[in-house]
Amino acid sequence: MSKLIGVFGGTFDPVHNGHTKIIVNLLQLIPFDEIKVIPNGVPPHRSSVGSNSDRLEMVYLAFQGINQISIDEREIHRKGPSYAIHTAREVLNEFHEDKILWIMGSDAFSGIDTWFEWEEFIDLVNILVMARPGSKIDPTSKAGILIKDRQTSNLDDFSQGIGKILIVDIDPVNISSTQVRKNLAFGEKVNDLILDDVSDYIDSGKLYTKTT
Ligand code: ATP
């Protein structure tokens with residue numbers, strides 16, 4: 001039988017309680033069989049960010065214990081730039097009998113028309129958009145018009161290549177990696193923002209101590 005698979009990509013620099021809470025919330029709302037968490041590969045010259053291996057390790061720590069989650073390392077190990085369209089083609093190919101839903105926050109979806117080969121991307125996958133505090137999608141923007149044209153509320157509409165958009169109301173969580181990095185750089189508390197295991201990992205590697 002065909003499965004419902006979510007794909008949740010991000011830089012996770014670092015992974016925070018927003019990421020885990022929204023995924024737990026989504027699993028309560030949508031009958032996903034699996035959600036693949038895919039950390040982006042980030043070029044090594046971006047020195048202010050966590051390394052690929054640190055970000056990957058923290059993602060494992062944060063999502064351990066959530067049954068339907070699997071961590072997918074393909075973008076971390078990909079040579080050269082890592083684009084969602086390439087990942088989408090691979091995933092659709094591997095799971096051609098299943099329904100794939102690309103999961104993202106409203107901030108990410110607002111900029112969808114800047115993504116590499118975005119027009120192909122939106123026709124290839126179905127997209128689930130979660131409202132993020134402070135990131136309302138302007139209805140006159142490209143993203144807003146796409147929602148108007150493609151929004152559905154019926155999960156049965158999803159099959160490969162249909163290019164539908166599902167907006168899901170999740171419990172808002174006002175946390176970002178930017179805020180976590182800032183707090184860490186200034187020696188401020190992060191215990192309400194990230195999990196203890198992630199915090200211990202950051203402490204032991206003295207990550208995110210620079211303000212750059
Ligand atoms: P940064 O502050 O560095 O931009 P971030 O907090 O947005 O990072 P990402 O790893 O870039 O974290 O996010 C991965 C995905 O999770 C994106 O689709 C983003 O929209 C979504 N997301 C992250 N935090 C939240 C949140 N608090 N509520 C809803 N969606 C979120």
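Reply: Two strands pair if DSSP finds at least two bridges between them; helices (H or I, at least four residues) and strands (E, at least two) are DSSP runs, numbered from the N terminus. This is a predicted model, in which local features need pLDDT of at least 70, side-chain atom pairs count only at pLDDT 80 or more, and totals for chains, interfaces and linings use all residues. Residues are numbered from 1 along each chain as its sequence is written.

Me: Which residue of β4 is the bridge partner of glycine 6?
Reply: β1 and β4 (residues 99-105) pair in the parallel sense over five bridges. The partner of glycine 6 in β4 is leucine 101.

Me: Is glycine 9 buried or exposed?
Reply: A residue is buried if 20 or more other C-beta atoms, placed from the backbone, lie within 10 Å of its own, exposed if 12 or fewer, and partly exposed in between. Glycine 9 belongs to strand β1 (residues 4-10). Two residues are in contact if their C-beta atoms lie within 7 Å, and, not counting residues up to four places away in sequence, glycine 9 touches Ile38, Asn40 and Ala84. With 20 other C-beta atoms within 10 Å, glycine 9 is buried.

Me: Where do the buried residues of α8 lie around the helix?
Reply: In α8 (residues 177-185), Ser177, Val180, Arg181 and Leu184 are buried. Seen down the axis, they fall within an arc of 95° (taken from the directions from the helix axis to the C-beta atoms), so they line one face of the helix.

Me: With which residues is valine 59 in contact, leaving aside its neighbours within four places in sequence?
Reply: A nonpolar core is a set of buried Ala, Val, Leu, Ile, Met, Phe, Trp, Tyr and Cys residues joined through C-beta atoms within 7 Å. Among the 53 residues of the largest such core, Val59 is one of those that touch the most other members. Its contacts beyond four places in sequence are Phe12, Val15, Val37, Pro39 and Ile71.

Me: What percentage of the 212 residues of the protein count as buried?
Reply: The C-alpha trace spans about 45 × 35 × 35 Å along its principal axes. Of the 212 residues, the share that count as buried is 36%.
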